[in-house]
Amino acid sequence: MENNDNYFEELINALPYCVIINKPIQDKNGAITDFKAMYFSKNTENEYIINGAKSDYEKFIRTLINIDGTTLFDIFREVYKTGKIQVHGVRLDTNSRDIDDITYVCFLKYRNEIVTLWNSKAKVSQKEQAIFEEQAHGFNALISSSDAGIIVKDLLGRVLDWNVGAEIITGYERSEVIGKYSEIFPNTEEYERVLEVNKRIIRGERVGHQSFNLLHKSGRIINCSAVYSPVFNSSKVLTGIVVVFFDITDATEAQKQARNLAAIFKIADAGVVIKDNRGVITDWNIGAENIFGYEKNEVVGKNHRLLFALENIGESEDITKAINLGKHIAHFETSRLHKKGNIIECSASITPTYDEN
């Protein structure tokens, strides 16, 4: 592991499994010829799994096989090539065919190394296997997610690590932010606000959902939604903070637009009718009341067909179909039925709306 990976070391030492970090050895043509064990977690030091492995690791990974007959070396190469997590049952005694002699190992790629998580028990029940696989996949998601940004900071707020998701969201590569403090925030006030959250965690307070702004490499502001988690070392001492965050900038803009539209909806002279995808009226502004003669409480929950004369009822069905297909219908001349029964000539536009999904 790299020198600035102290937090990662603490993270894997906190896992209830034996963890080995494996670095690929390549020839001059780039072909992988071997893997070298670069780091053994503290849980691995005294485990039966590693007996003899430190002195003859090449033999270790080429001798142990999974239940399908593939060696660890072959699995290492496959995971390194595809980057996809794999979980295998591995025979610790190559001469045994007893199902109880199988332990389960997770293989995942972290940067350019292969991380193996070994279940610390030689005999694993089906329930324990399921728990192991679930935790292994969760660990893999934590370190490799591209949807969520993950920042690992020390107690002073300095960036210790930065995942692929953070790179995608902010535009900064990991090498550009390691060791930085306030540079990733748009202003001092925002940085100090985040520091206050850090102080609350250091004091032992529970910190719920938080929001903050980051500065994108391009200079624009990113609205983020985040959760914070403390990081403890094997001695249960707080050593850092993990921040998992998502870019909600588009959602924030959508909320602003929605508030603006809501304000316009209330005061517009134009009649605004909101319907669901069945044509049932769900809202109705003051402009619609003035045009059609119905108050809001008289029409909400009723089908929009009440606004159409009998000879135009087919148009109401066509509109419902078009909206369900996501079509926008620009300004068109049409007629509608007033509460008093008279026909109103009008110009209309129809636009589909969408929920957060």
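Biologist: Which residues line the second largest cavity?

Modeller: This is a predicted model, in which local features need pLDDT of at least 70, side-chain atom pairs count only at pLDDT 80 or more, and totals for chains, interfaces and linings use all residues. Residues are numbered from 1 along each chain as its sequence is written, and side-chain values use heavy atoms, with hydrogens and water left out. A cavity is a set of points, on a 1 Å grid over the protein atoms alone, where a 1.4 Å probe fits but cannot get out; lining residues have an atom within 4 Å of a point. For the second largest cavity, the lining consists of Arg193, Val194, Val197, Gln210, Ser211, Phe212 and Tyr228.

Biologist: Which elements give two or more residues to the lining of the second largest cavity?

Modeller: Elements here are DSSP runs numbered from the N terminus, with helices (H or I) of at least four residues and strands (E) of at least two. The elements that meet the condition are helix 7 (188-202) and strand 9 (210-215).

Biologist: How many nonpolar, polar and charged residues has the lining of the second largest cavity?

Modeller: Ala, Val, Leu, Ile, Met, Phe, Trp, Tyr, Cys and Pro count as nonpolar, Asp, Glu, Lys and Arg as charged, and the others, Gly among them, as polar. By these classes the lining has four nonpolar, two polar and one charged residues.

Biologist: What space lies in the largest cavity?

Modeller: The search of the whole structure finds two cavities of 30 Å³ or more. A volume is the space filled by probe spheres set on the grid points, which are joined across faces, edges and corners. The lining of the largest cavity includes Lys153, Tyr181 and Phe185. Its space comes to about 50 Å³.

Biologist: How many disulfides does the structure hold?

Modeller: A disulfide is a pair of cysteine sulfur atoms within 2.5 Å. Cys18 is buried (under 20% relative accessible area, with exposed over 50% and partly exposed in between, for a 1.4 Å probe and protein chains only). Cys224 is likewise buried, at a relative accessible area of 1%. The number of disulfides in the structure is zero.

Biologist: Is Val164 buried, partly exposed or exposed?

Modeller: Val164 has its place in helix 5 (residues 164-170). Because its relative accessibility is 41%, Val164 counts as partly exposed.

Methods: 1 Å grid on protein atoms, 1.4 Å probe; cavity = no way out; pocket = protein on both sides within 12 Å on 5 of 7 lines; lining within 4 Å.
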